[in-house]
Amino acid sequence: MKNLLKAWLRKNLLTPDPNDYSAVVSPMGKINKPGLIDALMEEGIELKRETVEDVVTRYNRIAARFAARGWNVDTGLVYLRAIITGIFHGKKFDPAKNSVYVSATQGVEIRRELANTEVEILGEMPDVMHIFSVVNMQTRLADGTLTRGRNAEVEGTYIKVTGEDPSVGVWLESVDGNLPPYKLDADLIVTNSPSKLLLLIPVELDAGIYRLKVVTQFSSGRQLKAPREAVFAQDLTLV
């Protein structure tokens, strides 16, 4: 059976060309490991759910362990490779300047599914605020990481941060709720345009998993009376 990928067309707000569009995938929702195991069980696998969950958990842990030790790991789904970032001014690893992350690129299973995928264009995206991607500018990857003291590039539609409402701004909210929501100072928004924000991630933020939210009163016409917000669908790991 063919995979069906639905997408909207959005105008490029940075050019005057009325026919300049890009495609944006229409998200179907979020699925995690328990949800994937549910789908696996529905296929009729002849193992108990507890056994399947244990095997998947161990498989993930062992793949991560090998990647963290410098192995190039081919899981079939993705290729994993450890990378060290930052500049070395001495001969030692400095956590304040250097970090380790794992690069993941598509493997044979994903390529096989993409070859079996059809794209349905739903039409032009309505005048709605949306965040499409967040790129860690230290690594140049949209891999779900943010680096303290470095820039992050946020792409979307109608995300320019304007308005006098106290809620207006860029927020990083702790996913586990252990930390209060953090609002970036205005001077940390280096670039502020309708389709792109360039943020400087504060160095004082604790490492952890965060949710990115943009609140604004911006619109293509006059300023909105009430603020609206967009939350990035993917949780971001601050390192």
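1. The model is predicted, with local features needing pLDDT of at least 70 and side-chain atom pairs counting only at pLDDT 80 or more, while totals for chains, interfaces and linings use all residues. Residues are numbered from 1 along each chain as its sequence is written, and side-chain values use heavy atoms, leaving out hydrogens and water.

2. Helix α1 (residues 33-42) and helix α2 (residues 49-68) have axes that come within 10 Å and cross at roughly 130°, which makes α1 oblique to α2 (angles under 35 degrees count as roughly parallel, over 145 as roughly antiparallel, 65 to 115 as roughly perpendicular and the rest as oblique). The crossing of α1 and α2 is right-handed.

3. The contact (heavy atoms within 4.5 Å) involves Lys33, Pro34, Ile37, Asp38, Leu40 and Met41 of α1, together with Arg49, Val52, Glu53, Val56, Thr57 and Asn60 of α2. By class, six nonpolar, two polar and four charged residues make up the contact of α1 with α2.

4. The second largest pocket holds about 200 Å³ of space, and its lining includes Ile87, Pro95, Lys97, Gln138, Arg148, Arg150 and Val239 (lining residues have an atom within 4 Å of a point on a 1 Å grid where a 1.4 Å probe fits, a pocket being an open set with protein on both sides within 12 Å along at least five of seven lines). The lining of this pocket divides into four nonpolar, five polar and three charged residues.

Definitions and conventions. Axes are lines fitted to C-alpha atoms, for helices over the stretch in contact, and angles run from 0 to 180 degrees between N-to-C directions. Helices (H or I, at least four residues) and strands (E, at least two) are DSSP runs, numbered from the N terminus. A crossing is left-handed if the near helix is turned anticlockwise from the far one by less than a right angle, and right-handed if clockwise. Ala, Val, Leu, Ile, Met, Phe, Trp, Tyr, Cys and Pro count as nonpolar, Asp, Glu, Lys and Arg as charged, and the others, Gly among them, as polar. Grid points are joined across faces, edges and corners, and a volume is the space filled by probe spheres set on the points.
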